[in-house]
Amino acid sequence: MFIPAYLKYHHVIMDLKRTLFTLLIFLILAVLFVYPFSRLFVVGFSREGSPTVLNLTEILGKTTNLVALWHTVFVAVFVTILAVAAGVILSWLVTRTNLYMKDFFKIVLIIPYLIPPFISAFAWMQLLSPVGYFNKILMFLFHLEESPLGIYGKYGIIIVSAIYTYPLVYISITRALERIDPSFEEAAQIAGAGKLRVIRDITLPVMLPAVGGAAVIVFVTSTSMFGIPAILGIPKGYLVLTTKIFLYIGSYGTKYNFNLAAAMSMLLIFIGVLGLFIQNFATRKERFTVITGKATGFSIIDLGALRVPATIFVILFILFFIAAPIVATIITAITKALGLAPRWSNFTLGNFKYVLFSVPVVWRAIRNSFFLAVVVSTITVMLSIVFSYTARYTEIRGRKLIDYIVSAPYAIPGTVIGLSMILAWIKPILGWSIYNTIWIIMIAYIARFMIFPMRTVTASFKQIDNSLSEAAQIAGASKRKATLDIVIPLIKPGIYSGWFLVFMPALTELTLSILLYSARRETIGVTVYNMTQEGLVLETSALALLIIIVVLALNLIVRRVSRRRVSVV
Amino acid sequence: MAGVVVQDVTKMFGQTVAVQDFSVEIKDGEFFTLLGPSGCGKTTLLRCIAGFAHVTKGKIFIGDRLVSSEDQRGFIPPEKRNLGMVFQTYAVWPHMNVFRNIAYPLKVKRFPERELRERVNIILHLVKLDKLEGRYPNELSGGQQQRVALGRALIMNPDVLLLDEPLSNLDAKLREEMRFELKELQNRIDVTIVYVTHDQSEAMAMSDRIVVMEQGRVHQIGTPSEIYKKPKNQFVASFIGKSNFLRAALLDVKDGILRLKIGSSGIIEVKWRGHMTGEEVILMVRQHNVEIFKKKRENTLPARVKLSTYLGDQFIYEIAVDRDTIRAQVHEEHHYSEGDEVYVRLRNPILFQ
């Protein structure tokens with residue numbers, strides 16, 4: 001049979017295109033993920049080029065390291081217990097009972113998750129440090145010589161971390177509660193069970209997988225947190241694995257400091273992977289698939305005589321754990337000099353003026369952070385579209401791998417990602433180095449935040465039945481046009497929320513930036529952190545307050561614009 | 001066992017009326033069906049009887065006990081009404097196996113272990129789940145899950161068994177089987193059943209009596225045959241059975257024989273005992289009561305075949321009669337083609353004003 005030449009070549013060109021495309025995708029994955037993490041692994045298991053397990057044994061042989069490991073687990077366990085308790089109770093009250101002011105609570109209760117954790121830690125210092133307002137009030141009331149409460153050390157870390165993480169539980173439990181088939185509970189009532197009995201026998205057990213899943217997420221989040229234990233733990237020498245790794249990286253005098261930090265990272269990753277493994281195992285039991293999908297009109301439980309007390313309980317919770325630290329930050333931010341009583345005559349706006357116009361690093365940091373946040377969220381969203389599309393619609397080899405590679409950093413703490421980036425890029429490659437530039441921060445951000453848009457975009461793709469674009473093709477559109485006209489508009493919500501999910505945390509990122517920044521490459525997070533270290537409390541308060549305002553305002557705007565829950569995970 | 005009395009019940013959700021001035025007396029041991037299109041208030045009424053919804057007005061008695069009224073203080077919560085209920089989604093608890101699901105009502109009442117096991121075994125046998133007691137819901141088919149729900153509803157020997165569209169989530173074949181099974185089950189265990197459905201054939205097949213509802217109001221209460229043969233109004237006639245409606249002009253009445261003019265196509269005589277006044281009447285005829293002839297006969301109307309559909313055991317013809325189109329369901333071997341000019345006779349018509 002005769003085959004025209006152009007057809008033959010067409011085939012070859014298509015093959016070439018496909019090969020190049022595949023190569024490009026895996027090159028990107030290699031630069032972002034594979035190379036840095038393999039460097040971490042290599043450095044952790046070698047010294048001066050020769051393989052060894054000495055790093056690991058040295059790490060495990062040192063008491064201070066084991067103490068840090070113990071601290072990490074100790075803190076995580078208590079954070080998980082507190083966050084799960086608070087999240088479940090609040091979610092149940094707001095979702096299923098006739099509490100007052102529910103619409104207000106629904107919005108306010110997720111605020112702690114929107115505020116960057118190191119800002120929260122700083123705000124809590126204003127309340128509970130030896131000169132904090134709570135302590136002062138207590139000392140005044142009870143005529144105490146010393147401050148009764150302490151924010152530094154394990155209790156402070158646990159409290160602030162639990163407040164930061166309970167919204168994760170709150171959000172996922174609320175979703176599960178909204179979707180549970182109301183007939184489950186009604187059937188138990190018909191069977192003769194009273195209200196409390198129904199909760200005990202049906203609601204709680206049916207919710208158990210959702211609660212377990214949320215608990216694991218809180219646990220893993222807690223073990224990988226850096227900002228809170230750095231600000232509240234390091235000053236008192238209460239170290240967890242992340243802060244310990246951070247200190248190792250910084251201690252250039254120590255021999256093999258990078259190798260030891262890498263080895264310790266393995267330990268931390270191991271805990272995270274273990275957590276995810278447990279979660280996978282726990283949620284695999286299909287017996288618990290009770291989510292019906294449609295949100296049916298579940299019954300609202302009448303609290304009766306407890307209605308007012310329960311509402312007051314939630315209000316007190318909000319006042320103490322959400323409002324108080326913010327108010328404390330406001331007061332400090334407008335006080336003329338540290339230690340002055342909060343009196344009208346002692347108030348000023350000078351701190352804002354000073355921090356915005358007299359500290360050059362602040363504007364530079366704002367510029368850097370905005371640049372990074374915009375570029376990184378745009379790049380991650382574009383990459384997610386390409387990756388998700390490739391994984392779903394093409395047949396290139398290894399497409400299934402993409403998702404695994406991109407998801408890996410989910411179990412890897414920011415500190416470890418930062419270390420991997422240092423190890424990967426510290427030496428010039430082909431005479432070209434990105435170390436000590438803004439580009440290494442950018443690559444690190446991309447690696448860390450890639451998972452967010454990847455999830456929303458993949459989820460959007462999954463919702464689109466193939467028949468939708470096939471119908472467009474039947475109607476005469478080319479495959480490319482069908483994608484443009486049908487698929488892209490349908491995944492738009494996923495794209496927008498993915499972009500925002502990266503933009504917000506990138507804007508105030510601390511963990512990676514603190515490891516990777518260099519002179520003139522400071523980010524907002526780094527600047528706030530360094531200012532707290534220098535003891536510039538008034539100025540830091542002013543800046544922290546501005547950040548809180550911007551973050552909350554942006555969330556509010558996005559909420560308004562999208563009219564859907566895009567602002568949170 | 002007990003009857004249910006619903007007395008002038010009105011249920012409002014905000015400004016929306018879900019059930020309006022509804023009264024019915026369900027007899028002890030009766031299979032009573034609430035039938036109507038979705039949104040007609042039948043499920044709301046069932047939930048009022050169950051105690052999941054409070055009545056806005058009126059009273060509900062189970063047996064001779066007042067369980068719901070406007071006065072909230074006398075309200076008896078669902079768990080104290082001694083009812084059984086099968087939900088549309090079955091609501092078989094996913095974290096309990098078959099045995100524990102069925103045993104739960106006994107557990108709540110603190111039955112001793114031995115008696116509990118005995119009674120569960122009897123029920124397991126009754127609903128044909130003997131060998132599956134250790135299984136979890138996700139290991140059961142839809143039909144099996146439904147039997148679990150049924151067993152759980154029956155184990156306390158409830159006064160009344162409430163069934164909320166229990167067959168709607170089953171596939172067609174199983175649905176048909178379960179109809180007979182449910183009916184047979186009731187004969188064996190003597191329980192009052194209140195059944196909610198939108199499926200008229202389900203209602204016809206099982207019920208002792210049916211109430212046809214629409215927009216929260218009663219259209220008709222009666223036995224299946226009463227409702228089928230003597231529908232009170234057009235809604236009931238259209239909801240039950242396959243019906244045709246024709247507009248007709250009433251010419252005159254003589255000795256219980258009405259002469260009707262159907263458009264310009266002809267005049268027919270109809271035997272009718274009811275009272276008819278005015279000039280316009282609506283004539284209803286069931287699809288299987290439409291006879292088709294090739295030639296003109298006595299009391300027939302000229303018509304034209306528009307469409308014929310073959311269904312294996314019968315034909316369905318769409319036939320134009322004057323300005324109206326009716327359907328005829330015929331078993332004859334004789335086949336008419338589209339466009340054929342024919343004559344139709346309307347047997348056993350029912351007239352509405």
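# Guided tour of a predicted two-chain model

Select A:Thr415: setting aside neighbours within four places in sequence, this residue is in contact with A:Phe226, A:Thr242, A:Ile245, A:Phe246, A:Thr511 and A:Leu515, where contact means heavy atoms within 4.5 Å. A:Thr415 belongs to helix 18 (residues 414–425) of chain A; helices (H or I, at least four residues) and strands (E, at least two) are DSSP runs numbered from the N terminus. With a relative accessibility of 0%, A:Thr415 counts as buried. Buried means under 20% relative accessible area, exposed over 50%, and partly exposed in between, with a 1.4 Å probe and protein chains only.

The model is predicted: local features need pLDDT of at least 70, side-chain atom pairs count only at pLDDT 80 or more, and totals for chains, interfaces and linings use all residues. Residues are numbered from 1 along each chain as its sequence is written, chains are lettered from A and ligands numbered from 1 in the order in which they are written, and side-chain values use heavy atoms, with hydrogens and water left out.

## Chain A as a whole

The C-alpha trace of chain A spans about 100 × 70 × 50 Å along its principal axes. Of the 569 residues in chain A, 51% are buried. Among contacts in chain A with a separation of 6 or more, 77% are between residues 24 or more positions apart. The accessible surface of chain A is about 27400 Å², and 69% of that belongs to carbon and sulfur atoms; accessible areas come from the Shrake-Rupley method with a 1.4 Å probe, and for residues only the protein chains shown count as cover.

## The nonpolar patch

Now select A:Leu82, A:Tyr100, A:Met101, A:Phe104, A:Ile159, A:Val308, A:Ile312, A:Leu316, A:Leu319, A:Phe320 and A:Phe321, which make a nonpolar surface patch of about 960 Å². Patches consist of residues with over 30% relative accessible area and no salt bridge, with like charges joined within 9 Å and nonpolar side chains (Val, Leu, Ile, Met, Phe, Trp, Tyr) within 5 Å. A salt bridge is a side-chain nitrogen of Lys or Arg within 4 Å of a carboxyl oxygen of Asp or Glu. Helix 14 (residues 307–333) of chain A supplies the largest share of the patch, six residues. A:Phe320 is in this helix 14, and at 42% relative accessibility A:Phe320 counts as partly exposed.

## An enclosed helix

Move to helix 24 (residues 524–533) of chain A, where eight of the 10 residues are buried, so this helix is largely enclosed by the rest of the structure. The buried residues are A:Ile524, A:Gly525, A:Val526, A:Thr527, A:Val528, A:Tyr529, A:Met531 and A:Thr532. Just after helix 24, select A:Gly535, which takes a positive phi of about 75°.

## A residue of helix 16

Select A:Val386 in helix 16 (residues 360–393) of chain A. A:Val386 has a relative accessible area of 33% and is partly exposed. Not counting residues up to four places away in sequence, A:Val386 touches A:Phe21 and A:Ile25.

## Aromatic pairs

Rings of Phe, Tyr and Trp (its six-membered ring) pair if their centres lie within 6.5 Å; planes under 30 degrees apart count as stacked, over 60 as edge-to-face and the rest as tilted. By this rule there are 25 aromatic pairs over all chains. The rings of A:Trp70 and A:Phe74 have centres 5.6 Å apart and planes at 50°, so this pair is tilted. A:Trp70 and A:Phe74 are four residues apart in helix 3 (residues 63–96) of chain A, a separation of about one helical turn. A:Trp70 is exposed at 53% relative accessibility, whereas A:Phe74 is buried at 19%.

For a pair in chain B, select B:Tyr317 and B:Tyr336: the ring centres are 5.8 Å apart and the planes at 80°, so the pair is edge-to-face. B:Tyr317 lies in strand 17 (residues 315–321) and B:Tyr336 in the loop between strand 18 (324–330) and strand 19 (341–346) of chain B, so the pair ties together parts that are 19 residues apart in sequence. Both B:Tyr317 and B:Tyr336 are buried.

## Chain B as a whole

Finally, display chain B, with eight helices and 20 strands. Buried residues make up 52% of its 353 residues.
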